[in-house]
Structure formats: structure tokens, C-alpha cells
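Dear colleague,

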Amino acid sequence: MTNVSPIEWKGDHLLLLDQRQLPHTEVFIKQAAIEDVWNSIAALAVRGAPAIGIAAAYGLVLWSQQFQSESPSTFKTELTKQRNYLASARPTAVNLFWAIDRVLRAGLTETSVVKMKEAIRNEAVTIHREDELICQRIGEHGLKLLKDGDTILTHCNAGGIATTKYGTALAPLHLAKEKGLSISAIATETRPVLQGARLTAWELERAGIDVTLITDSMAAHVLKTRKIAAVIVGADRIVENGDTANKIGTLGLAHLAKAYNVPFFIAAPLSTIDYSIASGEDIPIEERSSEEITHWQGERVAASNINVFNPAFDVTPNELIEGIITEHGIIRSPYKENLEHLTYQPNY
Ligand code: MRU
């Protein structure tokens with residue numbers, strides 16, 4: 001395993017592994033206030049859909065611990081405002097909204113401020129604890145698709161540091177390692193923020209899993225010329241019909257996988273499914289700063305006076321997805337029918 005806990009709750013503050021500093025330095029940043037958490041999410045210090053949700057849940061705990069008044073109605077009004085504040089940190093990963101709404105509901109059902117604070121803390125800790133088991137189950141289901149010696153191709157980082165442990169797309173690899181099997185990965189570097197080069201390659205190497213780094217533009221050549229058992233990626237939001245938003249570049253990989261007859265899988269917990277949206281066209285896609293593309297380590301590398309378009313995610317249509325690996329097993333088409341009966345089970 002990665003043997004890094006990317007998120008640690010310390011009772012009165014939160015420690016987050018600063019993913020911006022990887023792979024060079026393993027630094028934990030102290031989060032003492034809700035604003036710290038908002039900034040860490042927006043700046044990608046913590047990133048990856050499940051990790052964003054867990055961090056945000058603790059953000060509400062930090063706020064509640066500093067709340068002074070004993071008025072339940074003021075607490076409830078402010079709690080809702082703070083929920084909305086955290087919701088504004090990033091728009092695409094639905095796990096953010098799922099986690100803070102779960103914490104909000106837990107708080108709102110109580111009547112005294114003391115009880116509300118306790119319920120909020122307990123819910124955040126529960127969300128955090130459940131994530132490890134959920135990812136382990138995703139890994140077990142994903143591993144059924146693979147055999148010893150296989151190689152998968154993955155994009156971005158859907159690994160242990162994007163969750164609590166194991167990850168989603170990388171969970172089968174971490175579990176395979178624990179079971180003494182050898183499954184290798186090809187990791188795309190993932191422009192523009194390089195989650196593949198900085199995070200996935202670091203995480204897998206650190207776990208003793210064979211990993212080969214390629215640039216995003218090499219994917220077609222690799223899928224055509226190498227024996228790749230599957231493409232497995234994570235997800236930021238899966239909607240009712242199975243359309244899936246994930247890191248920019250995923251859509252291209254899904255088309256390539258189809259062209260070269262390589263099965264394309266999404267691995268994600270049920271908390272990533274947004275049943276309120278019917279099709280992928282309605283998923284909000286985050287656009288990030290142009291400097292992620294025009295600059296490299298603070299220095300401009302692109303020509304000046306140009307237009308830049310920097311969507312952080314794209315949407316893969318359900319027909320390109322061979323299956324969605326969840327904690328409840330592998331869900332296949334027709335997605336609308338097969339996803340609608342699945343509900344997240346609290347207290348895994
Ligand atoms: O912008 P990021 O780094 O937060 O994007 C992350 C991804 O797209 C991941 O693939 C996704 O969140 C799944 S993480 C288990």
C-alpha cells in the first residue's frame with residue numbers, strides 16, 4: 001500500500017497531504033479553519049473526488065467547533081451558509097456535495113448546538129472511515145477483471161491519495177500487490193497539472209508496483225502496440241445514464257480504447273453517482289486558470305497574447321464504458337436501469 005494517510009483528523013484540526021508538493025516532498029498541511037479547507041480544495045492541495053468530499057466534511061467540523069453561540073436556529077442558518085461556501089470550492093466532483101450534504105443533514109436533525117456539533121463530527125468521521133472499506137471492495141471487484149501479469153492503463157490519479165486508502169482505479173493494483181500478484185500500470189502524465197506523472201507514478205512506485213509513465217499523446221501508440229488488459233480510470237461524477245465526468249483526456253482515451261478493442265472501465269464509489277442529472281451534457285465542467293497551461297513552474301512558456309481554454313474535466317458517454325466498478329460490483333449497460341437500484345449503504 002501507499003502507507004500514506006492523505007487525510008488525518010486530529011480531534012481539533014485536520015492534516016492534509018499537500019499533493020501540490022509531490023513527488024518531491026511529503027508535507028502535511030494543518031487545517032485549523034474551514035477557510036483553510038476551502039483553499040486547499042480550490043488550489044488542489046487535496047484533490048481527487050472522494051478525498052475532496054472527506055476534507056470538506058471535516059471543514060464543516062472545524063467551523064462547528066469554532067461556533068460560539070448556543071442558539072440552535074443561528075447554528076442551523078450558519079451551517080447551511082458554510083455548506084454553500086464549501087460547495088463553491090470546485091464544481092465537478094459530486095462527492096464534495098454528497099459529503100457536505102450528508103454532514104449537513106446529520107447536523108440539522110439535532111436540536112441543541114452541542115448535539116449538532118457532535119452529530120457533524122461523527123458523520124465526518126464515518127464518511128472518512130467508510131471510504132477505506134468501499135475502496136477495498138472496488139479493488140476486489142476490479143481485480144476479478146485482471147490476472148497475474150496483466151498491465152492496465154490509467155489516467156490522472158485515482159489512487160490511495162485521492163481517497164483514504166487503496167483508491168478507486170488503482171485499488172485493484174494495490175490489492176493485487178497485497179495478494180502477491182503482479183499487475184503493472186501505464187500512467188499517462190495527465191496534462192496540464194501532471195497528476196499522472198507527479199502522483200500516480202509516485203504512489204505506485206512507492207507501493208512497489210511496476211509503473212511506466214507516458215505522455216498523454218503516447219496513449220494511442222501504446223494501446224495499439226502493447227498488450228493492455230484494460231483502461232481503468234476514476235470518476236468525478238457519474239450521472240443517471242452512466243455518462244461519466246473525469247479528468248480531461250479521459251474521453252479521448254475511451255475512444256482510443258474502443259478503436260483498439262481494449263475494455264474501458266470506470267472505478268468509483270456509489271457516492272460519485274449523481275441521480276439528479278439525466279445525461280452527461282448537464283454536468284458542470286470546471287475551467288481552471290489559463291496559467292496551468294501557459295506557465296511552467298511560475299515561468300511563462302506559451303506565447304503571449306493568445307487565447308487559452310482549460311477545462312479540467314470531460315465527459316465520456318456511457319456507450320464507451322464497458323463497466324463501472326463500484327463497491328457493489330461491476331455495473332454494465334443499460335446503466336440507467338442497472339444503476340437506479342443501487343443506493344449507498346451508510347455504515348459500511
Ligand atoms: O482535478 P483533480 O486532480 O481533482 O481530478 C481528479 C480526477 O479526475 C480523478 O480521476 C477523480 O477524481 C477520481 S479520484 C478517485
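The shell around the ligand takes at least three residues from each of domain 1 (7-135) and domain 2 (137-339), with domain bounds that come from an automatic or database domain assignment. This is a predicted model, in which local features need pLDDT of at least 70 and side-chain atom pairs count only at pLDDT 80 or more, while totals for chains, interfaces and linings use all residues. Residues are numbered from 1 along each chain as its sequence is written, and side-chain values use heavy atoms, with hydrogens and water left out.

There are 17 residues around the ligand, and R47, Q195, D236, N246 and K247 come nearest; a residue counts as near if one of its heavy atoms lies within 4 Å of the molecule. By class, this shell holds 7 nonpolar, 6 polar and 4 charged residues, where Ala, Val, Leu, Ile, Met, Phe, Trp, Tyr, Cys and Pro are nonpolar, Asp, Glu, Lys and Arg are charged, and the others, Gly among them, are polar.

As for individual atom pairs, an N or O atom in the side chain of R47 is 2.5 Å from an oxygen atom of the ligand, and an N or O atom in the side chain of Q195 is 2.8 Å from a ligand oxygen atom. In G48, a backbone N or O atom lies 3.1 Å from an oxygen atom of the ligand. Of the 410 Å² of accessible area that the ligand has on its own, the protein covers 99%, with areas from the Shrake-Rupley method and a 1.4 Å probe.

Turning to the backbone, most residues other than glycine have a negative phi, and most peptide bonds are trans. The peptide bond from L22 to P23 is cis, with omega near 10°, and P23 is found in the loop between β2 (14-17) and β3 (28-31), strands being DSSP runs (E, at least two residues) and helices likewise (H or I, at least four), numbered from the N terminus. The bond from R191 to P192 is also cis, with omega near 0°.

Best regards

How values were computed
A polar contact is a pair of N or O atoms within 3.5 Å; within protein, one must be able to donate a hydrogen and the other to accept it, and residues adjacent in sequence count only if both atoms are side-chain atoms.
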